[in-house]
Amino acid sequence: MLKGWDLFGFGKKAKKAETAAVAVLPQNQAKSGLSVLYFEVLNECLYAANQIRDTRELFTTIGQLLKTKLSYDRFFVIQLFADGASPLISVGFEDRPFEAKFSQLEESGLLHELFYKRSTWLLKNKSDQFGKQVTDLFGVGSLALSQIGTEHLRAMVGVIKDSPDHELTDEDLQFMRFLTHHLGQIIENNEAYNRLNQQIIELKQLDQAKTTFLSIASHQLRTPLSVFRFALSFLKKPQNGSLTPKQQQIVDEMTQSNIRLINLVNNLLNITRLEQGRLQVHAESFSLAELIKSVLEEVQPKINEKQIKVSANIPDIITLNADRMLIRESMMNLITNGVKYNRPGGELNITVNNSGNDILISVADTGIGISKSDQERLFSQFFRAQQAQTIDPEGVGLGLYTTRQFIQLHGGTITMQSVPEHGTTFTISLPNKLTVPTTAQPQVAPQPPIG
Ligand code: ADP
């Protein structure tokens, strides 16, 4: 927020929008009391300033513009801090170092007066005692000074005309008032932009660190989980000795937990690969009917448990040219959900059609359905509807998210239609001609899911 100076109501309008400093001005030339030349230079300065985010660079550009457009000889900015002041930039001081002039100003106490007595000054060598003191110190004819007082910058901006015969006028001072007022707003906007940008960078770094951690952790979990799986299947084989019913029950429970963990790790690995752009489509030709059949075989125990009536209408001739592993994972997610979120004795219908351009795969169930409000968040990571959490407390809400990513990697889409309490249909549409690049090498060789 700007503190202080009345600027003929310009401030109120300009605060409304970031670019208002430029947009507002043309309507106000008459009101400003500036001649057309000054008004045009003001617009030009503000236009240039609006393109620059760095404060030093911004002032240097303004200084150079003023030198050429309004024939000022010198331009400088002094910044005020809580514990003192220091030169920020200077233009046109090639013949005498500005730093030396600044030190003299400071030591003589003039700087203090300039900062604290008034916000704008028109100082001429020939006018009064104070004007003479300051202009003599600089060795020039006249100076016009105007302060910027925003939340993040307190500074004095000065322009100089060297010759006492061509002094700066009231119009120069008026011009400087407008200029510093609007520059203050631009600098404030830049501050907000830079802060936001910094926050975005930090959030991205955090997100990257999280993905890296997740990737390392899931990789490290793969080996022990595979060992457990092997050991559990070993225990279950009759040739390795018989188990008591209690032991058998424990081994079964451990096997179930092991499978759940393996699925979770596979999902996490897929997500980290997706986020790191490491997941690639490795296309091959395969029969969709066979793939769906093998998924159904794997899910059969759950189908039996819930007594779901499954019908699959898949023409044998349909061959997909796609990544078999990713499509299998996608079908596994949809079919498992169609069973999990179905009611006991419900139906699950799988149909496949070739529309010419696309292969359409539908998985329709007669289960709990999805409410309108939940439908919007369905494909987000970790989203789970309330009812789903009760039905399957172990789910993690990653299946639909990864499925959609896998399908999109193939240039396809997934849509959903649902009637709460009646059922849900997911439809995958895959282009007949795979258009995604399949030759690009992943940064790290893809590994098959464990389990
Ligand atoms: P999970 O099944 O582990 O929760 P998903 O990503 O596969 O994860 O599904 C996310 C959520 O979408 C589920 O928790 C559930 O609320 C909803 N959902 C998915 N498929 C169905 C379906 N066929 N019927 C009803 N709800 C579903």
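Which residue in E12 does Ser-362 stand opposite? I found Thr-427 there.

Before going on, I noted that this is a predicted model, where local features need pLDDT of at least 70, side-chain atom pairs count only at pLDDT 80 or more, and totals for chains, interfaces and linings use all residues. Residues are numbered from 1 along each chain as its sequence is written, and side-chain values use heavy atoms, with hydrogens and water left out.

**Entry: strand E10.** I looked up E10, residues 358-365. Helices (H or I, at least four residues) and strands (E, at least two) are DSSP runs, numbered from the N terminus. Six of the eight residues in E10 are buried (under 20% relative accessible area, 1.4 Å probe, protein chains only; exposed is over 50%, partly exposed in between).

**Entry: its partners.** I checked pairing, which takes at least two DSSP bridges between two strands. E10 pairs with E12 (residues 423-431) in the antiparallel sense, over seven bridges. E9 (residues 347-354) also pairs with E10 in the antiparallel sense, over seven bridges. There I saw Asn-353 opposite Leu-360. Three residues lie between the strands of the E9 and E10 hairpin, and Gly-356 takes a positive phi near 105°.

**Entry: Leu-288.** I then turned to helix H11, residues 288-306, which holds Leu-288. Leu-288 is buried, at a relative accessible area of 0%. I listed its contacts (heavy atoms within 4.5 Å), leaving aside neighbours within four places in sequence: Ile-314, Ile-318, Leu-320, Val-352, Ile-359 and Ile-361. Val-352 is 64 residues from Leu-288 in sequence, and their C-alpha atoms are 8.7 Å apart.
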